[in-house]
Amino acid sequence: MKRTLKFGALALLLASGCEDSSFQKAEEPTAALASPKSQTQALGTVTTSEETGWTRTSNLASAHLQQTATRLQDGRVLVLGGYNPTAELYDPATGTWSSTGDAPANYRHARATLLTNGKVLVTGGNDLGITASLFDPATGTWTATGAMATARYHHSATLLQDGRVLVTGGWDGEHGGTVLGSTELYDPSTGTWTAVASPSAARSQHTATLLSSGQVLLTGGEGTSGALSSSELFDPATGTWTSVGSLGTARSRHTATLLANGQVLVTGGAADGEPSTRAELFDPATQTWSSTSPMNKARRQHTATLLANGRVLVTGGYDGYAGIQGFAELYDPVRGVWDVMPTMGVARYQHTATLLSNGRVLVSGGLSNTDQASAEVFSAAQVKVLLDQGTGWELLNVSGANTDELPAYDSNMYVVGDDTGIAHVPVSEELRQDLAAISANKTTVFFLNKKVLDELALSEQQGSPTPYLQSILEPMEPTMRAGGDGCPDTLGTQTKTFNFYKPLALKKDLDGGMTGSLTTKGDITAKADAEVQVLKIRKPFLFFGCVTAGFDLNYLKLVAEGGLNYGATLQGSISTSKTWQFPIARPTLGIIPIPVGPVAIPIDISLPLTAGVDVQTSVTGEISYTAEKSASVKYTALCTFDGCTSETTFGKPAPSDETPVTASIQGRIQPSVWVQAAVRAGIFDAVYAQVGVRPYLDADLWGYNGYNCGDADGDGAEELVQGGYFDLNWRLNVTAEVGALVIGRKEWTDVFSTGRQHIYFKNLVPPAAGRWTPFEPMIRGPSSTGQHDITGYSIQMRPCFPFQKDNERAAPEGLLLNNTIHYQLDWDGATETFTGVQFDQAFDKRYTWTTAGTKKLKITALSDGHGRTYNTTYTRDVIVTPQSGPTPHPEYYRAVRVHGRLDALEDDVEDERKTLWIDEVLHVNPQNPVASFTHSMCVENEVRATVTVVVSLQTDNVTVKSHAYGWLYEEQSCDNDDLDGSGTTTAIVARDGTGPLHLYIKTAEAFSTDDMTLNVTVENNQAP
């Protein structure tokens, strides 16, 4: 089944509905259209992706406090010490820890340094007199190396550019003692230590940072008289120290981080009388300090980790007022501000934070109030900050530090929403015109790299490319020489395959209209191919070359197939129609990188899982039931901002034999429980498209009691009808949703729907004396007739019969099928079975009793086309009075049966087709050689189809000729006489033969496909 939905370039802004693929105005399909996004977010608002934040990884084998953590050359992390002699290795590929050789001492407040040869040098931090030892990751063993001249704790150890290690300061005792000023250099090639000049101030709990110049910056720490504000530079070339500018705040137990721009960021630490939120920057070029924005949380003994995109992650720590911290924040050196990040799972201090080779950060151990052996991983997959905004556009800073699927990035991007955004975004007029031309025939959302645009404007002012622009220039096309466009926009397509398994488990208490609970279970196993196509916006710079300034998302194509196993239990008291919706999870499946100049922008592919209950009710009632089903599905969907196209196939599960249900009701309750699994492709949550599969378990609980459900025997009095049922069905919908920042979103809950498919049906109220149920058919006609007379009866279901459609809620509407009823008719011994064309349409039957007496006329509804079994019977008596038999008719007395269908189509909004079933018997003979009938029906109160069939006996008195005359009318009501088309057809049928009678009439109106079709069979039989 294919379904196409389209809305034009300005339709989202105007919220004016949909257009179909022929660009004709159409009624809005079953979709929810959001208003354009109101730009009410404050500037500086930070948004993180679902994957950004903390994930618990496996615990260490034992607690480690005041330990060290070192990333090895193979990417594993070595954790050792912390009042624990064991050493453990963390493998980021598996997220697991393994033991390695025990350390030679019970280290705490030691320092571990990765040497250029891959070994780890551990210094100080123990009371066994082992001042230095080496760990070899290749063998997992420890060896002794040269001893330092002085044992020390809380010192610093810094790897120099030449491979030596500089150790400075510290205490000579674990909990204090003499503050050391001595400095030593370790040479890995000889395994020996050499004393060098001491800094001007002895210090402990300080920082030592290797600068880009090769010098080492020493800051703060505990001196002999409290916290220090002084800082000094060590020059390995001369072995001397030089005092530089002092910190604005004296501090110890702080952090110092070398930034990508060469400056050093110092944060937190204990400082008497000063808030430990303060942060400062050291500029090596001027050897001066300056303040930057303070952190959001005061802390000391925390960690600060430089991420791959140049930002600094600060985690945990301790504050005298707030206690142990779990808060994390991210420093942006370009903006000079701190952005709050998700909180750690375990608050901790004196822990370690290690940058992994995939760009994530491993935090482990430390002092905490809960699990001191715990470890967790921080992912900076995507951080978005609103920098500026205007009518139809926003300026976002977007960054990501994970490096396993694309390079780390940090960029300012304009997001420009279609015509309105193009008209107002602050870009050059030339670029504005180019964007408008692209947007002329489709809805667009552009992503423009502000850095590239700024550099392009600066280069144009100075007449030559800036160094940055020069570095990203692309060659021009040869067409430039012939006066063509040397920098045409180009299409780029990326595809990625994902395999996933996810549970669909949820338990929720419901309120606000239902007192009860919903429990879902099951899983989804699927494979999805995501294809993204963008139009890269390229601009020329004089004759130097081209630059890619941004892109427009052309389409997102998703191909998915898999299996769904789903089940639900719903129980409680329902009083109000309402929809409940609960997110289960939204795991990220992966990333598709799209290069935009020097920056790769990630298309985030995720799997939103949602559960819900839709309830329609007219009464208050109790209900409890459980159901389970499995289905397979395969679909292809292509989404643009103008709509989604879907092709869907599905496997149909078998019905169930028994589903326990308990209920009490006088009215109708229809709860639909669903779980949706969708594949979503999005860019910074500013633009997204998703296609999902939503399996429903549709329950229908109904009770009826009254005298308004038909007169079954035609005696003029309606009988007492009492009934109730529980009907359970499954339904599979394909849903689609597209949205864009600044523009709005469009959602379809039924791009395609199987409609309700049978699982289980139970008639809760059996028939009893003096009452009938809604499932017993009616048979209306004479209560008495004469022997040998032809007597006619009309058969149909009662008007309160609740199941009008076979596959109720199927989409598109053209898939809806009328519910047919399978009957058995018993003429007091002579039985026949047949199918009624529609539950509410009368079916005429004729019979001749050849004996007199009281006859039992029984009509049984066996089942319906949906799969429900009824076996409900209505019985009435017919008195047949005796009379002489008829004089046999000669063979030229003919009974001509005409049966079949009349169909008509009305196409103004969506194709609406209606069927009228025909079954007539016309009698002709030499005295009355001509007979006729006329039928007419209306579609959508606009199209009227009328047909007249005339049967005439031919001169041989046994052959009949049938004429069909048809008229097609179309206007604003069905009683119009605006004839749009007419026609006639003829058929000759021999004695005791059959023949077809076919007539097709199409409207003469331009651009319309209204039509009518008559397809009947003519049977020429001898009259009884």
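Asp 162 is partly exposed, at 48% relative accessibility. I read this from a predicted model. I then looked up the partner of Asp 162 and found a salt bridge to Arg 164, with the closest N and O atoms 2.8 Å apart. Arg 164 is also partly exposed, its relative accessible area being 22%.

Glu 737 is buried at 10% relative accessible area, and Arg 680 is buried at 14%.

I also checked Asp 1011 and Arg 913, whose side chains meet in a salt bridge of 3.8 Å, N to O. Strand 73 holds Asp 1011 and strand 67 holds Arg 913, 98 residues apart. Here Asp 1011 is buried, at 8%, whereas Arg 913 is partly exposed, at 47%. I recorded a network of salt bridges as well, linking Arg 311, Asp 332, Arg 335, Asp 339 and Asp 410.

For the sheet, I traced 4 strands in the order 13-14-17-18, open and antiparallel in pairing. Strands 13 and 18 are the edges, each pairing on one side only. Between strands 13 and 14 I found 4 bridges; Ser 156 has Thr 168 as its bridge partner in strand 14.

Finally, I located a nonpolar surface patch of about 370 Å², made by Leu 542, Phe 543 and Phe 544. Phe 543 sits in the loop between strands 44 and 45 and is exposed, at 71% relative accessible area.

Note on methods
Residues are numbered from 1 along each chain as its sequence is written. This is a predicted model: local features need pLDDT of at least 70, side-chain atom pairs count only at pLDDT 80 or more; totals for chains, interfaces and linings use all residues. Side-chain values use heavy atoms; hydrogens and water are left out. Patches are made of residues with over 30% relative accessible area and no salt bridge: like charges are joined within 9 Å, nonpolar side chains (Val, Leu, Ile, Met, Phe, Trp, Tyr) within 5 Å. Accessible areas come from the Shrake-Rupley method with a 1.4 Å probe; for residues, only the protein chains shown count as cover. A salt bridge is a side-chain nitrogen of Lys or Arg within 4 Å of a carboxyl oxygen of Asp or Glu. Helices (H or I, at least four residues) and strands (E, at least two) are DSSP runs, numbered from the N terminus. Buried means under 20% relative accessible area, exposed over 50%, partly exposed in between (1.4 Å probe, protein chains only). Two strands pair if DSSP finds at least two bridges between them.
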